[in-house]
There are 2 protein chains.
Amino acid sequence: MLELERYIDLWRGRVNSCLEEILPPEGNTGMQGPTGAVNADRLADAMRYSLMAGGKRIRPVLCIAAAEAVCDTTSAAFRRKTEDALLLAACSLEIVHTYSLVHDDLPAMDDDDLRRGRATCHVAFDEATAILAGDGLLTLAFEVLSSERMQRNTEPGVLLDITHRISRASGYQGMVGGQMRDMLAERVRLPIEDLERIHRKKTGALIDAAVYVGARIAGADAHQIARLGLYSRHIGLAFQVADDILNIEGDTERMGKAVGTDAERSKNTYPALLGLDKSKALAASLVDRALKAIEASDRRSDPLRAIALYIIERNR
Amino acid sequence: MLELERYIDLWRGRVNSCLEEILPPEGNTGMQGPTGAVNADRLADAMRYSLMAGGKRIRPVLCIAAAEAVCDTTSAAFRRKTEDALLLAACSLEIVHTYSLVHDDLPAMDDDDLRRGRATCHVAFDEATAILAGDGLLTLAFEVLSSERMQRNTEPGVLLDITHRISRASGYQGMVGGQMRDMLAERVRLPIEDLERIHRKKTGALIDAAVYVGARIAGADAHQIARLGLYSRHIGLAFQVADDILNIEGDTERMGKAVGTDAERSKNTYPALLGLDKSKALAASLVDRALKAIEASDRRSDPLRAIALYIIERNR
């Protein structure tokens, strides 16, 4: 696992530097509540606060690992032509993910106080600022995807294709739709098929998109896309099952967010519907299936393999 | 004015039909609060409720009028090649505008109950649904802009360019940034320059983008873009000054939203800072400047001229 950690660290660092370049410049105001004075930077501060709060950067790293599976990310050609666009696309995925956390944590939604080890955006700032920061982040993702810098070394057709994929994965057919259904299902016992459907939208769709986007930017052919799509489909669900388990078994400090909250809210989760042991077995079997999908691939898929294993390893 | 009304009616009808095609299919649930049952269509219902609530469709019509100023919208070539993309782009502008209304009306923001003549989204549904409906709409706009249908007859480079323009106009540098500053400035007296800066972001940026997008899709050259940009800059500000005036002089029934609310909240508005008469004079002078910017243009710019006049006419 050490090697994966180095891999994740390396790319997480590059993703973070790239996010710094994308974000509006730092404000001077810290996180005090509105003082009455007009503070032009409060929005930028809130966006930065939530985006740079740490976070595992799993989606960007998956995106990059998918590119790695398709082309040599250490080659000069990659460095010259593909790396910057790949990083920007990876960042846009993290930005979309972060916006969804900011909005999901709002009092009217999941009402969470802790995220990534610190106060959620609406607690550190206020509700209105958190709503707008989420809106600003979501919009920023699409600004990045259509930016001149992004267009410098990528075919416009490819950019439109990944923009479309990310928007579909994030919108009413994907993440937003999944979140809505998840909330409506609180306090109702769901059949397991419905839970799977919700999770595939809420978490799976953007993870799927992350892998697709990386592969597409790296120039994957239809065969590679299909194989990686199978991998990401299983990984996306495994990730959510593992998250459900961590909400029971994890500790707040390591997770950076409150645990035990699903049971409190009588949420539909895999452990609630299947029990803890069967949920763990399901996660393991999904990871196996993900690994199987890419078993014919060479060593360049090792980061993808390591990420798959990490998903269940982090339970321990 | 009758001719403009026919023009707006014609294109509003086409925009509405196009929005119908874009929206997720209708749910079966009406607007009851959550009953506990899992309702897959609640999100789609809320998105539709807010988007199809009427509305003047000023931004789409401006977008189309800008295209009209550049090319012949009655020609067979336009109908075959450009019209569909223009309508889709116009719809994406209205979708972005509607999302911003849904979020701005939220209790944590402006806390408005009435919009477009009916209950605001969070009143008709609930707060969580309204947040998600706004998110779903914003994402949908970018899904539309990058869709295959949009790509059918438009250069990918043009699509990326208009996507970038719309995202910048809507995000932290534009609409979202303007809304943040506007809220922070409540109960503080602003200098008129700051108010102008806020309004240029909050309302002006998207109106600017609407004109730019229409012109760009119609194939405007740099000279035409510059001229139309000057027009839209003045119109965008005039529109907000007029809106401030209507918040005092308009009636709720005609406006479809509560009036008198700015004064209640001690908001910074043009009438509050300049007085009513000077505000009217300013709106008229901005419209004059907008008309001046396109005075060299032929009759194809008449819809743009009529819209400019409509902005101050609607005060009477």
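Which residues does A:A218 touch, not counting residues up to four places away in sequence? The views below begin with that residue in this predicted model.

View 1. Leaving aside residues up to four places away in sequence, A:A218 touches A:A67, A:V70, A:C71 and A:T82. A:A218 has 22 other C-beta atoms within 10 Å, and it therefore counts as buried, since the cut-off for a buried residue is 20 or more. A:F78 is 140 residues away from A:A218 along the chain, yet the C-alpha atoms of these two residues are separated by 8.5 Å.

**View 2. Packing of helix α8 of chain A with helix α6 of chain B.** The crossing of α8(A) and α6(B) is left-handed. On the side of α8(A), the contact is made by A:T163, A:H164, A:S167, A:R168 and A:S170. B:T139, B:F142 and B:E143 make it on the side of α6(B). Sorted by class, the residues in this contact are one nonpolar, five polar and two charged.

**View 3. The side of chain B that touches chain A.** In the contact between the chains, 51 residues come from chain B and 51 residues from chain A. On the side of chain B, the elements that give two or more residues are α2 (42-51), α6, α8 (156-170) and α9 (175-184). The largest share of this side comes from α6(B), with eleven residues. By class, the side of chain B that touches chain A has 27 nonpolar, 16 polar and eight charged residues. For the complex, the predictor gives an ipTM of 0.94 and a pTM of 0.94.

**View 4. Residues 28-38 of chain A, where pLDDT stays under 50.** The model has 20 contacts beyond four places in sequence for this stretch. For chain A, the mean pLDDT is 91, and 94% of the residues reach 70 or more.

Note on methods. Residues numbered from 1 in each chain as written. Chains lettered and ligands numbered in written order. Predicted model: local features only at pLDDT ≥ 70, side-chain atom pairs only at ≥ 80, totals over all residues. Axes fitted to C-alpha atoms, helices over the stretch in contact; angles between N-to-C directions. Helix = DSSP H or I, 4+ residues; strand = E, 2+ residues; numbered from the N terminus. Left-handed = near helix turned anticlockwise from the far one by under 90°. Contact = placed C-beta atoms within 7 Å. Nonpolar A, V, L, I, M, F, W, Y, C, P; charged D, E, K, R; others polar. Buried ≥ 20, exposed ≤ 12 C-beta atoms within 10 Å, placed from the backbone. pLDDT = per-residue confidence, 0-100.
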